[in-house]
Amino acid sequence: MEKSKAAAQFLDILFSGEDLDRLRAYLKDDFRFEGPFFQSETADAYLAAMKEEPPVGFTFKVLQTYENEQGVCVIYSFEKEELSTTMCQTFEFIDGKIAHMRLIFDTQLFLQPY
């Protein structure tokens with residue numbers, strides 16, 4: 001499967017909030033996640049966190065996707081209730097699975113009451 005398609009499918013599953021166990025097939029065991037509010041060193045720890053606080057009530061729309069030999073960068077608009085921002089998520093692949101993911105966005109919006 002091409003990397004951009006795998007990244008898009010991953011985000012679709014994630015933001016659906018349904019049957020998050022399906023995400024495991026996309027991730028290497030030693031998958032690392034880096035985000036402003038959460039970091040993880042394994043696929044299982046990442047999935048446990050996503051199940052504990054499923055990403056429900058969010059919508060997203062892909063604005064741009066970039067792909068190179070190592071991975072994919074997806075830039076998307078993100079909305080939850082009255083909050084709206086642009087996010088950038090990178091996916092680094094090794095042996096056809098996601099080995100590292102980085103999420104970048106302006107955290108200030110999430111720290112203000114809305």
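Visitor: What makes helix H1 a helix that lies across strands S1, S3, S4, S5 and S6?

Guide: Helices (H or I, at least four residues) and strands (E, at least two) are DSSP runs, numbered from the N terminus. H1 covers residues 3-16, and contact means heavy atoms within 4.5 Å. H1 runs at about 25 degrees to S4 (residues 71-80); axes are lines fitted to C-alpha atoms, for helices over the stretch in contact, and angles run from 0 to 180 degrees between N-to-C directions.

Guide: This is a predicted model, in which local features need pLDDT of at least 70, side-chain atom pairs count only at pLDDT 80 or more, and totals for chains, interfaces and linings use all residues. Residues are numbered from 1 along each chain as its sequence is written, and side-chain values use heavy atoms, leaving out hydrogens and water.

Visitor: Which helix touches S1, S2 and S6?

Guide: Helix H2 (residues 43-52) packs on the sheet there, its direction making about 60 degrees with that of S1.

Visitor: Why are S1 and S6 called paired?

Guide: Two strands pair if DSSP finds at least two bridges between them. Between S1 (residues 27-34) and S6 (residues 97-104) there are 4 bridges, so the pair meets that rule. The two strands run parallel, and Leu27 has Ile98 as its bridge partner in S6.

Visitor: What is the order of the strands in the open sheet?

Guide: The order is S2-S1-S6-S5-S4-S3, with mixed pairing. S2 (39-40) and S3 (58-67) are the edge strands, each pairing on one side only.
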